[in-house]
Amino acid sequence: DDNLYFSTNNSIRWNIANDGHLRPQANQTYDIGSTVQQVKQIYSKEFIVLDSGYFKAGTSADLQLYHDGSNSLITNATNDLRIRSDSLKLQSITGEEYLTGTANGGVDLFHDNVVKLTINASGYRSNDAVKAQFGNDSDLTIQHSGNHAFIDNLTGNIYIRNDGSNDDSEIHIMARNDEESIVCHDDGAVDLYHNGTKKFET
């Protein structure tokens, strides 16, 4: 027998086989270290846990990583599960982007590896030709084509409403940011403009 055996109380606990592998004498029986006597560090090229085996962290095993044979799961039973990185990416196994985030920067959301929504210091932004969709059947869409902006409604009416509670509430439609086109007054007239000059009121 070329194996090397380690025994206590006349019972074999571990063995080193002639292939050089260290094995417990009985399957899933013995531990390395304990709750009060831990191994300081383990260096390994690979750490393999079989299906339905767990990697556990925390005194009460609060964090668990495992594969149940069909799915991979990360579960946390205490407080927050925090993932920290100055540059964070969620990707498919082929590298297709789902989400990217940068410290002190933006967050990008992707569809089919194309950025559809960016969150930045000013708020959020959609790229050209990306529609903001509202309603179960996307009845209302808002988009910018790269040249023009479009608001499209497929069901019912479009209402532009000012719900201000004071008597000075108005709706202003401006062809340019410094040029009035139509002004609707609360409980009052509607003014029509030409080249910034009022020409007609109701």
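Figure 1. The relative accessible area of S138 is 23%, so S138 counts as partly exposed; buried means under 20%, exposed over 50%, and partly exposed in between, with a 1.4 Å probe and protein chains only as cover. This is a predicted model, in which local features need pLDDT of at least 70, side-chain atom pairs count only at pLDDT 80 or more, and totals for chains, interfaces and linings use all residues. Residues are numbered from 1 along each chain as its sequence is written, and side-chain values use heavy atoms, leaving out hydrogens and water. To find S138, look in the loop between β12 (132-134) and β13 (140-144). Strands here are DSSP runs (E, at least two residues) and helices are DSSP runs too (H or I, at least four), numbered from the N terminus. The phi of S138 is positive, near 55 degrees, in a residue other than glycine. Most residues other than glycine have a negative phi.

**Figure 2. D187 is an exposed loop residue with a positive phi.** D187 sits in the loop between β16 (179-185) and β17 (190-194). Its relative accessibility is 75%, so D187 counts as exposed. The phi of D187 is near 55 degrees, a positive value in a residue other than glycine.

**Figure 3. The whole chain, for orientation.** How many helices and strands does the protein chain have? There are 0 helices and 18 strands. The radius of gyration is 33 Å, well over the 17 Å that the globule rule gives for 202 residues, so the protein chain is more spread out than a compact globule. That radius is taken over C-alpha atoms, and the rule is 2.2 Å times the number of residues to the power 0.38. The C-alpha atoms fill a box of roughly 110 × 35 × 35 Å along the principal axes. Of the 202 residues, 11% count as buried. Among contacts (heavy atoms within 4.5 Å) between residues at least 6 apart in sequence, 0% join residues at least 24 apart.

Figure 4. Strand β4 (residues 54-57) runs antiparallel to β5, over 4 bridges; two strands pair if DSSP finds at least two bridges between them. The bridge partner of K56 is Q64 in β5. The β4 and β5 hairpin has 5 residues between its strands, and G58 in the turn has a positive phi of about 100 degrees. Moving on to strand β6 (residues 72-76), 5 bridges join this strand to β5, again antiparallel. Here Q64 stands opposite T75. The hairpin of β5 and β6 has 4 residues between the strands, with G69 at a positive phi near 105 degrees. Which residues of β5 (residues 63-67) lie on the covered face? They are Q64 and Y66, while L63, L65 and H67 make up the uncovered face. In a regular strand the side chains alternate between the two faces of the sheet.

**Figure 5. The hairpin of β1 and β2.** Strand β1 (residues 4-8) and strand β2 (residues 11-16) run antiparallel, joined by 5 bridges. F6 stands opposite W14 in β2. There are 2 residues between the strands of this hairpin, and N9 in the turn has a positive phi of about 50 degrees.

**Figure 6. Y124 and its contacts.** Y124 lies in strand β11 (residues 123-125). With a relative accessible area of 67%, Y124 is exposed. Not counting residues up to four places away in sequence, Y124 touches L117, T118 and I119.
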